[in-house]
Amino acid sequence: MVDGGGPAPEVKATGGGTRRFGDRAFKWLAIAAGSTIVISIVLIAVFLLIQAIPSLRVNHANFFTAWQFDTNDAKNLYFGIRDLFMVTVLSSVFALLLSVPVAVGIAVFLTQYAPARLARPFSLIVDLLAAVPSIIFGLWGIFVLAPRLLPISTALNRSLGWLFLFKQGNVSLAGGGTIFTAGIVLAVMILPIITSVSREVFRQTPSPHIEAAQALGATKWEVVRMTVLPFGRSGVIAASMLGLGRALGETVAVLIILRSAAKPGNWSLFDGGYTFASKIASAAAEFSSRLPTGAYIAAGFVLFALTFVVNAAARAVAGGRVNT
């Protein structure tokens, strides 16, 4: 109403049509950008499956239980992924178990204990570790680390050989080309990823939560345990899965370190062999014939599915943690 009791004059919005068009355009652009990821993943999976099916049809071995991977005779393929799966999972999980506690400890130290003048250069050093090429890690692992791990490997095998993880594997301990060595190198490689993400998550802990714990008389460790770690739990899980994805797909370093084995492995850290990625890389020269190539593509499809399942499971776990 205006003075005099009459109705208020109608105010017409200017540029409303332009804004609505811009909103719709942005919406469809965002949908298209998001759909690109999904479409790319589906197309990759379809390509791998189409290329692998002809080789799987002429395979004379059980693809899931056979440990041999022989594609020398294109007319008589005999390949399975049992050992590839075992070496890939065992080396990656072992690396994750080693790296996550260290990475979380470094992240807590940098965000809660270290002074700023020390935290900045230390964080830079940790981040630069991710820039080291994987071939350097592989050479360091086989020529420097492996000889120094030999006494530890021998002691573990001697004292804990009754446990399947530490019994004598299918390669000699003297060469150092075992899952034990590869797992430690992978742990060093994924350490910067887990540390960086965990550090940034811990930094986002709300100040009122920390101040409330301090007001109740909590010690520094109690503040970290009651506020920082619970707040960053989902972030640490996500960081761990990023590191696990890197470990599952690592190629050159693992190819340099692990020794090939003439016998099947038995889930021992002192086994040798190939991971999915290193096996595919080692046979790149054989990719001139369709059927042998399809055998390696079938192995690549399993690695693709394994990585997808691991990340989906981590997403579910992290989401459940957040909701609780």
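# Pockets and helix contacts in a predicted model

Me: In this predicted model, which residues line the largest pocket?
Reply: The structure is a predicted model, and its largest pocket holds about 220 Å³ of space. By class, the lining of this pocket has 5 nonpolar, 4 polar and 3 charged residues. The residues that line the largest pocket are Trp67, Gln68, Phe69, Gly80, Asp83, Leu84, Ser260, Ala261, Lys263, Gly273, Tyr274 and Lys279.

Me: Which helix gives the largest share of the lining of the largest cavity?
Reply: A search of the whole structure for cavities of 30 Å³ or more finds 1, and the largest cavity has a volume of about 30 Å³. Its lining is made up of Ala146, Leu149, Leu150, Ser153, Leu173, Gly176, Thr178 and Thr181. The helix that spans residues 134-159 supplies 4 residues, the largest share of that lining, and this helix is α4.

Me: How many charged residues are there in the lining of the largest cavity?
Reply: Among the residues that line the largest cavity are Leu149, Ser153 and Thr181. Sorted by class, the lining of the largest cavity has 4 nonpolar and 4 polar residues, while the number of charged residues is given as none.

Me: Is α3 parallel, antiparallel, perpendicular or oblique to α5?
Reply: Helix α3 covers residues 116-129 and helix α5 covers residues 179-203, and their axes come within 7 Å and cross at roughly 135°. Angles over 145 degrees count as roughly antiparallel, and those from 65 to 115 as roughly perpendicular. The angle between these two axes therefore makes the arrangement of α3 to α5 oblique.

Me: Is the crossing of α3 and α5 left-handed or right-handed, and which residues of α5 take part in the contact?
Reply: The crossing of α3 and α5 is left-handed. By class, the contact between them has 4 nonpolar, 3 polar and 3 charged residues. On the α3 side the contact involves Ser123, Val126, Asp127 and Leu129, and the residues they meet in α5 are Val188, Pro192, Thr195, Ser196, Arg199 and Arg203.

Me: How many nonpolar residues are in the contact of α5 with α8?
Reply: The crossing of α5 and α8 is right-handed. The contact includes Leu186, Met189, Ile190 and Phe202 of α5, together with Val236, Leu242 and Arg246 among the residues of α8. Of the residues in this contact, 4 are polar and 1 is charged, whereas the number of nonpolar residues is 12.

Me: Which residues of α7 make the contact with α6?
Reply: Helix α6 (residues 207-215) and helix α7 (residues 220-231) have axes that come within 9 Å and cross at roughly 145°, and their crossing is right-handed. By class, the contact has 4 nonpolar, 3 polar and no charged residues. From α6 the contact draws on His209, Ile210, Ala213 and Gln214, and from α7 on Val223, Met226 and Thr227.

Technical notes
Residues numbered from 1 in each chain as written. Predicted model: local features only at pLDDT ≥ 70, side-chain atom pairs only at ≥ 80, totals over all residues. Heavy atoms only, no water. Axes fitted to C-alpha atoms, helices over the stretch in contact; angles between N-to-C directions. Parallel < 35°, antiparallel > 145°, perpendicular 65-115°, else oblique. Left-handed = near helix turned anticlockwise from the far one by under 90°. Contact = heavy atoms within 4.5 Å. Nonpolar A, V, L, I, M, F, W, Y, C, P; charged D, E, K, R; others polar. 1 Å grid on protein atoms, 1.4 Å probe; cavity = no way out; pocket = protein on both sides within 12 Å on 5 of 7 lines; lining within 4 Å. Points joined across faces, edges and corners; volume = space filled by probe spheres on them.
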